[in-house]
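Dear colleague,

I am handing over the structure below, and after it you will find my notes on what came out of the analysis. Please read them alongside the coordinates.

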Amino acid sequence: MNTESKTEPFEIGGAVIAPGQRGKVALPVSDLSAGMRANLEVKIFHGKRAGPTIFVSAAIHGDEIIGTEIIRRTMKKLNPAKMSGTVIFVPVVNMFGLIAHSRYLPDRRDLNRSFPGTERGSLASQLANIFTTEIISRCSLGIDIHSAALHRYNLPQIRIASGNPELKELAMEFGAPVVIEAELRPGSLRAFARDAGVDMLLMEAGEALRFDEYSALTGVNGILRVLRKLEIIQTKRLGKRGDASAQAKKTVWLRSSKGGICRLVAPSGAKVHQGGVVAYVSDIFGEGEEEVVSPVDGIVIGHSNLPIVNQGDALLHIAEVRTFETVGERLERIEEAITCDQLLDEDEVI
């Protein structure tokens, strides 16, 4: 890429952002029941030099707010006058769910099963259509940030479609503890983006309606490393992750065989062996305790925060890892790098 070539003004939603500038745009979505307008709020960092256009989005599920915090911190570190290309930030896609502290839209539809949407469909379909036409259509790459559902926690991880070496390279550069090549779900943003020729990194981290520092730091530093890899930013302050992330192509859920009280012994981030005990479930008197064992060698990438369980409830999510011997060492190296990164100064701009 010729980083010296100048770029043209960036147009979106009737606004024009000059090279080397940032701009905020409100894309109209619908009328609220009380008569006010609901908008998709977007912030654009338009670099001074030519380069790729990408988007970073969060809160497609309205209660998955960790991505909103990650985007807030990331934007504070960027100076468009020093950038190449364009980054479109969408901190809250599902503004209706955010206000209601809900995963869903008011009509109880899941926005992440509604893509590409239609102009005159349901509210979910219309919002998906606006995101499709105004955001996805302008980009070559997207980073979409999610969290676990209510009362669950996800270890920071990147999920990608299989069979894309360039995307896998970006996923490894992100530097999350685990990279998973996962199947695409029909109607999801990731599935539509692939069909439209837009590569996607999906980050899962943390839990619904909560911030946690480890997830936030993983996300901010990962996004910045991807921007550096794409030559959107230039900096030597970010450490390289190389092949530190554990890689997986298969995950398994472990569920409770009965109702009662669950005691986890291997929470998210734990390295587990096939046949090893990861949890115990007993009745409310502490009797009839049953062991829950891992069926694979791997890493716990998600767990339930609720000790009260019903029969069939998901307790743990485990990513099967083939090159198992070095997993513990890799996870320690990643955690140390994330928590000690020099770029974690809140006010530093690159």
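The side chains of His303 and Asn305 are joined by a polar contact of 3.1 Å, and the side chain of His303 makes a further polar contact, of 2.7 Å, with the side chain of Ser268. Please keep in mind that this is a predicted model. His303 belongs to strand 17, which covers residues 298-304, and with a relative accessible area of 12% His303 counts as buried, because the cut-off for that class is under 20%. When neighbours within four places in sequence are left aside, the residues in contact with His303 are Arg152, Tyr153, Leu264, Pro267, Ser268, Leu315 and Leu316.

Turning to the aromatic side chains, a search of the whole structure gives three aromatic pairs. One of them is formed by Phe45 and Phe89, edge-to-face, with 5.5 Å from centre to centre and 85° between the planes; since Phe45 lies in strand 4 (residues 37-46) and Phe89 in strand 6 (residues 84-90), this pair ties together parts that are 44 residues apart in sequence. Phe45 is buried at a relative accessible area of 0%, and for Phe89 the value is 0% as well.

Phe55 and Phe131 also form an edge-to-face pair, at 5.5 Å centre to centre and 85° between the planes, which links strand 5 (residues 49-58), where Phe55 lies, to helix 3 (residues 123-134), where Phe131 lies, 76 residues apart. Phe55, Phe115 and Phe131 form one aromatic cluster.

Best regards

Terms used. Residues numbered from 1 in each chain as written. Predicted model: local features only at pLDDT ≥ 70, side-chain atom pairs only at ≥ 80, totals over all residues. Heavy atoms only, no water. Helix = DSSP H or I, 4+ residues; strand = E, 2+ residues; numbered from the N terminus. Buried < 20%, exposed > 50% of the residue type's maximum accessible area, 1.4 Å probe, protein only. Polar contact = N/O pair within 3.5 Å; in protein donor to acceptor, adjacent residues only side chain to side chain. Contact = heavy atoms within 4.5 Å. Phe/Tyr/Trp six-rings, centres within 6.5 Å; stacked < 30°, edge-to-face > 60°.
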